[in-house]
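Visitor: Could you take me through how the helices pack against each other in this one? I'd like a close look at who touches whom.

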Amino acid sequence: MTASANPGKADRRRPASVAQLAHDPDAFASFYREHVTDVTRFVARRVADPHTVADLTAEVFLAVIVSAHSYRPSRGTPVAWLYGIARNVIAGERRRAAHELRTASRIAGRRLLDGDDIARLEERIDAESPGRAACQALAGLPPDERAVLELVAIDGLAVKYAAAGLGIRQGTARVRLHRARRAARQAIGPPAVPDAPPAEVESLT
C-alpha cells in the first residue's frame with residue numbers, strides 16, 4: 001500500500017534539466033504543472049489546514065528555484081528531491097509556528113484563496129486523512145527513522161529514492177527503515193490510530 005496515486009509513474013518523470021528551472025520560466029511552469037499534485041498530496045498528508053497547505057506548497061516551489069542547481073539525477077528522481085525539499089519546508093513552518101511567527105507572504109497567500117480553492121484543498125486534505133493519521137501515529141519514533149518510514153510506507157518512494165530525498169546512503173536508509181518498522185510494530189495498534197484503516201497500519205509495520 002502507498003498513499004501516492006502512482007508513485008512508480010511519478011518516479012519516471014524527469015525534465016530535461018532541473019537546473020534550468022532557476023532561469024527558464026517556461027520550464028518552471030511545466031515542472032510545476034507536472035509535480036504540483038504530488039507536492040500538494042505530500043503536504044496534505046501532514047497538514048490539515050487548507051490555507052497552510054496552499055502556502056507550504058507554494059513555498060516548496062519557491063525553494064525549487066533557489067535549489068535547482070543542487071539537483072543531481074544520479075542521486076534520485078525529481079519527486080524524491082521535491083519530497084526532501086517539502087520535508088524541510090514543513091519542518092521550517094512548524095518551527096515558525098512554535099514561535100508564533102507569521103510572515104507577510106503567508107498572509108498574502110491566504111488572500112489569494114477563493115472559495116473554490118479552499119473547497120478543492122479541503123477535498124484533498126480529506127482524501128489524505130489516512131496518510132495523515134499514519135504520520136501522526138509515528139510521532140513517537142526517532143525523527144531519522146520516522147522520516148524514512150514515512151517516505152517509504154506513506155509517500156510511496158522506493159528506499160533508494162527515500163535515501164536520496166533525505167541525503168543519506170541507501171544502506172543507512174535500510175537500517176533506519178528496519179528499526180522504524182520494528183518500533184512501529186510495538187507502538188502502533190488500533191487504539192492508537194482509530195481513524196486509520198487496517199491497510200495503512202499494515203504498511204507501516
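Guide: A crossing is right-handed if the near helix is turned clockwise from the far one by less than a right angle, and left-handed if anticlockwise. This is a predicted model, where local features need pLDDT of at least 70, side-chain atom pairs count only at pLDDT 80 or more, and totals for chains, interfaces and linings use all residues. Residues are numbered from 1 along each chain as its sequence is written, and side-chain values use heavy atoms, with hydrogens and water left out.

H2 goes past H3 in a right-handed crossing.

Who does the touching? On the H2 side you'll find Phe 28, Phe 31, Tyr 32, His 35, Val 36, Val 39, Thr 40, Val 43 and Ala 44 (contact means heavy atoms within 4.5 Å). Facing them from H3 are Val 53, Leu 56, Thr 57, Val 60, Phe 61, Val 64 and Ile 65. Sort the residues of this H2 and H3 contact by class and you get 13 nonpolar, three polar and no charged (Ala, Val, Leu, Ile, Met, Phe, Trp, Tyr, Cys and Pro are nonpolar, Asp, Glu, Lys and Arg charged, the others polar).

H2 has another partner, H6, at residues 115-127. Here the angle is about 65 degrees and the axes lie 9 Å apart. This crossing is right-handed too: H2 passes H6 that way. From H2 come Thr 40, Arg 41 and Ala 44, and they meet Leu 121, Arg 124 and Ile 125 of H6. By class, that contact has three nonpolar, one polar and two charged residues. Look back at Thr 40 and Ala 44: H2 uses both of them against H3 and against H6.

Now hop over to H8 and H9, where H9 is residues 159-166. They pack at about 130 degrees, with axes 9 Å apart, so they're oblique to each other. Their crossing is right-handed. Ala 147, Val 148, Leu 151 and Val 152 of H8 touch Val 159, Ala 162 and Leu 166 of H9. That contact has seven nonpolar residues, with no polar and no charged ones.

Key
Helix = DSSP H or I, 4+ residues; strand = E, 2+ residues; numbered from the N terminus. Axes fitted to C-alpha atoms, helices over the stretch in contact; angles between N-to-C directions. Parallel < 35°, antiparallel > 145°, perpendicular 65-115°, else oblique.
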